[in-house]
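Hi everyone, and thanks for coming.

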Amino acid sequence: RCKNLSVSFWNSYWMLPSDVCGMNCFWEAAFRYDYMKTHPSEKMHLAVVACGERLEETVTMLRSAIIFSIKPLQFHIFAEDQLHESFKDILDDFPYEGKVNYTLYPITFPTESAAEWKKLFKPCASQRLFLPLILKNVDSLLYVDTDILFLRPVDDIWSFLGKFNSTQIAAMAPEHEEPRIGWYNRFARHPYYGVTGINSGVMLMNMTRIRRKYFKNDMTPVRLQWGEILMPLLKKYKLNITWGDQDLLNIMFFHNPESLYVFPCQWNYRPDHCIYGSNCKEAEEEGIFILHGNRGVYHDDKQPTFRAVYEAIKNYSFGDDLVRSLVQPLELELRKTMHTYCGKVYKVFIKQLTKSVRDLHARRSKGS
């Protein structure tokens, strides 16, 4: 019965009666891949915001998305004007094999408050808050920071859209797994989601729902839509927020917790998950799915395990054998980091990547 669903499934799944297919079939990986095969033209939309010295890092993230993904990808790249030509020169030279398109956008904020939004936290970071209002024709979107690396197909995180219940509009991972080292629960001067807050470096959005929703808030008894709530939130909390737009998202989902789907930690694995001892159990069991090298760890010597993964993907040439040119050299480099806390669990950095390569080879063999 699942296979007879119409093409509009992604836009209407939340309206289906709870007993359709027993609902369990929606959550099975087999169904997700069947859907990919029967709807190969459906694009996955991925957005990133790049300013300053983030060109190389952004390109490396995009490379990681391309390597393993199955369905077509549409990149929405928001960048400062001086970066556009460099992006074009690099991306036009990628061997997309027809499965990737990209669009470049300028950095834009509401005219009356553009300067205030642009300087919030890191340059341009708050652009992500306005994506539902800018990309009006995009139904769903995966936003990622520039320092993200995909170690398995984007398709797999995209499929979480099918797990949203009728009230959920977005998905993010917790800021911390261990409250004793949590930032929000120890230092925040504003409301935040859950026990330890949420990290917005990987944010999956049903933007149609976001645009339609009226949000509860602590500023007025009247519920406000996305475009109405952002500026009042900034005005109320701008002296109390440290992490900019991420803090504003925490405040919003504190008041609307039913609207958030929470990812397990291996979908947004950061140095905090290993520098104080391993505290992402899901990654220990299955490996890291998405690596998040925040605090600049791809570019210094503080966390060589993270840097090794970044350098391996950055230097990989499309078309080369993934085992000999990516997995094997990376494992050798990771073994050299075993003197560090993250290096002690280096196998979690290679476990899913190895599986992704194996799965890719199997798909190619089956396809040929």
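Let's begin inside: the largest nonpolar core has 42 residues, and W117, M205 and F253 are the ones that touch the most other members. By nonpolar core I mean a set of buried Ala, Val, Leu, Ile, Met, Phe, Trp, Tyr and Cys residues joined through side-chain atoms within 4.5 Å. Buried is under 20% relative accessible area, exposed is over 50%, and partly exposed is in between, with a 1.4 Å probe and protein chains only.

Before going on, please keep in mind that this is a predicted model: local features need pLDDT of at least 70, side-chain atom pairs count only at pLDDT 80 or more, and totals for chains, interfaces and linings use all residues. Residues are numbered from 1 along each chain as its sequence is written, and side-chain values use heavy atoms, leaving out hydrogens and water.

Now zoom in on W117. Contact here means heavy atoms within 4.5 Å. Not counting residues up to four places away in sequence, W117 touches F109, P110, S126, L129, F130, L230, M231, L234 and L248. Apart from this core lies another, of 41 residues, including A65, I77, Y96 and L104.

On to the rings. Rings of Phe, Tyr and Trp (its six-membered ring) pair if their centres lie within 6.5 Å; planes under 30 degrees apart are stacked, over 60 edge-to-face, and the rest tilted. That rule gives 20 aromatic pairs. Take Y298 and Y310: their ring centres are 4.7 Å apart and their planes at 15°, so this pair is stacked. Y298 sits in the loop between β9 (290-292) and α13 (304-315), while Y310 is in helix α13, so the pair ties together parts 12 residues apart in sequence. Is Y310 buried or exposed? With a relative accessible area of 1%, Y310 is buried.

Compare Y316 and F318, with centres 6.3 Å apart and planes at 80°, so that pair is edge-to-face. Y316 is buried at 6% relative accessibility, whereas F318, at 24%, is partly exposed.

Finally, ring pairs link F160, F164, Y261, F263, W267 and F289 into a cluster.

Conventions
Helix = DSSP H or I, 4+ residues; strand = E, 2+ residues; numbered from the N terminus.
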